[in-house]
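Please keep the structure open beside the text.

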Amino acid sequence: MSIQFADRISNLPPYLFAELDKLRDARRAEGVDVISLGIGDPDLPTPDPILDALDRAARDPVNHRYPEYYGLDELREAIAAWYARRFQVDLDPATEIVPLIGSKEGIAHLPLALVNPGDTVLMTDPGYPVYAIGTMLAGGVSHSLPLTSERGWIPDLDDIPADALANARLLWLCYPGNPTAAVAPFEFFEEAVDFARANNVVLAQDAAYSEVVFDGYRCRSILEIPEARDVAVEFHSLSKTYNMTGWRIGWMAGNAEVVEALGRVKTNVDSGIFQAVQHAAIAALNIEQDWIDARNAHLQDRRDRVISALRNVGIAPEVPKASLYVWSPTPAGMTSVDFAARLINEVGVIVTPGVGFGAYGEGHFRISLTTPDDRLDEALERIDEALERSGTVRF
Ligand SMILES: *Cc1c(COP(=O)(O)O)cnc(C)c1O
């Protein structure tokens, strides 16, 4: 017999970086010491108070049973208190916050609550791939809003064709951006809220990197806009803020009807988050800002090393104010896949080709700041060596 798979699975794109993975595996098999600057996954440890809270809560049998469906009251209250401290936004912990098993889970599930087959979801190109994949799993149609460096990687909402707008149910934004590392002026958030209200579209802002900031920059929440609660939700994650990617916890906050709808999908699909992890998240949300500032200073130092190494070989990336990435133009004339393949083949260094995040990512590549310092330095030296060999003009 041959197994018949659902169309939605056969329509899933092939793994974006499969070809590069093959090259990487081939290099490793040859014994090359490959260094990856590809994935955005913090190498630095989760802070001790969070580990201690997990340890205590894991030993309490109360937490060994099925968790509360909508998360512990104490967790939603801690999230509301964090929002009030951080953004001066008051959220109702009972109706305006839903904890998630990592924000990716909620991002992938939200279209199931909002999108009928054939409906349109607006998202940026380049962008985080899960917006398009969640849309596809719900039977929706993605419409891409091009991002360019000329516009600071901010979409032009006035330029969306009427037919795409007619069936649009949801608009995804992601600031600070992955992969672009761009931050959005608050005026753009105001414009986006007006746009969503005028067009009857739910606005979802993915703020996974709001606390990973450099040079004293401070991100604002879209929920600071009073009208945002009519149409908007914001996704947060503990992953990047507290070096907790493996723990799988985040949340969505904002419009109560959308919170209820996503919660309804989730209660039918999953059974919540291990309660010991929820207690650890409460400890995380109460960690002093000094810890975050020191961690960000460490990442800023890595950012500066990447920027100066790239400038040294004649590439002029924008200096990011936030996120875990440097988003850089490729050397003149090289496609992003050619450039990435060349670095793997010649010097055993992995970077992410921009085209993997959408057609408008072509001409750029992404370097992640989550590689230990000595390995990052080694990788930067190797990139220097590869480009020197290729005769790229040096300053
Ligand atoms: C890492 C990332 C997420 C997912 O974070 P988790 O909470 O670990 O699932 C969501 N959005 C963007 C843009 C990310 O880069």
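**Helices and sheet**

The model is predicted. Start with helix α13, residues 289-312, and helix α15, residues 373-389. Their axes come within 9 Å and cross at roughly 10°. Angles under 35 degrees count as roughly parallel, so α13 is roughly parallel to α15. On the α13 side, the contact is made by His 298, Arg 302, Arg 305, Val 306, Ala 309 and Asn 312. On the α15 side, Asp 373, Leu 376, Asp 377, Leu 380 and Asp 384 take part. By class, this contact of α13 with α15 has five charged, four nonpolar and two polar residues.

Helix α13 also lies across two strands, β9 and β12. It runs at about 15° to β9. Both strands belong to an open sheet of three, in the order β9-β12-β11, with antiparallel pairing. The edge strands are β9 (325-329) and β11 (352-353), and each pairs on one side only. Five bridges join β9 to β12, residues 364-368. Pro 329 has His 364 in β12 as its bridge partner.

**Cavities and a pocket**

A search of the whole structure finds four cavities of 30 Å³ or more.

| Space | Volume | Lining by class |
|---|---|---|
| Largest cavity | about 70 Å³ | seven nonpolar, five polar, no charged residues |
| Second largest cavity | about 60 Å³ | seven nonpolar, two polar, three charged residues |
| Second largest pocket | about 170 Å³ | seven nonpolar, two polar, two charged residues |

The lining of the largest cavity includes Thr 124, Pro 126, Gly 127, Tyr 128, Tyr 131 and Leu 147. Cys 174, Tyr 175, Gly 177, Asn 178, Pro 179 and Thr 180 also line the largest cavity.

Which element gives the largest share of the lining of the second largest cavity? Strand β2, residues 97-100, supplies three residues. Among the residues lining this cavity are Val 98, Pro 99 and Leu 100. Glu 68, Lys 266 and Asp 270 are also among them.

How values were computed
Residues are numbered from 1 along each chain as its sequence is written. This is a predicted model: local features need pLDDT of at least 70, side-chain atom pairs count only at pLDDT 80 or more; totals for chains, interfaces and linings use all residues. Side-chain values use heavy atoms; hydrogens and water are left out. Axes are lines fitted to C-alpha atoms, for helices over the stretch in contact, and angles run from 0 to 180 degrees between N-to-C directions. Helices (H or I, at least four residues) and strands (E, at least two) are DSSP runs, numbered from the N terminus. Angles under 35 degrees count as roughly parallel, over 145 as roughly antiparallel, 65 to 115 as roughly perpendicular and the rest as oblique. Contact means heavy atoms within 4.5 Å. Ala, Val, Leu, Ile, Met, Phe, Trp, Tyr, Cys and Pro count as nonpolar, Asp, Glu, Lys and Arg as charged, and the others, Gly among them, as polar. On a 1 Å grid over the protein atoms alone, a cavity is a set of points where a 1.4 Å probe fits but cannot get out, and a pocket is an open set with protein on both sides within 12 Å along at least five of seven lines; lining residues have an atom within 4 Å of a point. Grid points are joined across faces, edges and corners, and a volume is the space filled by probe spheres set on the points. Two strands pair if DSSP finds at least two bridges between them.
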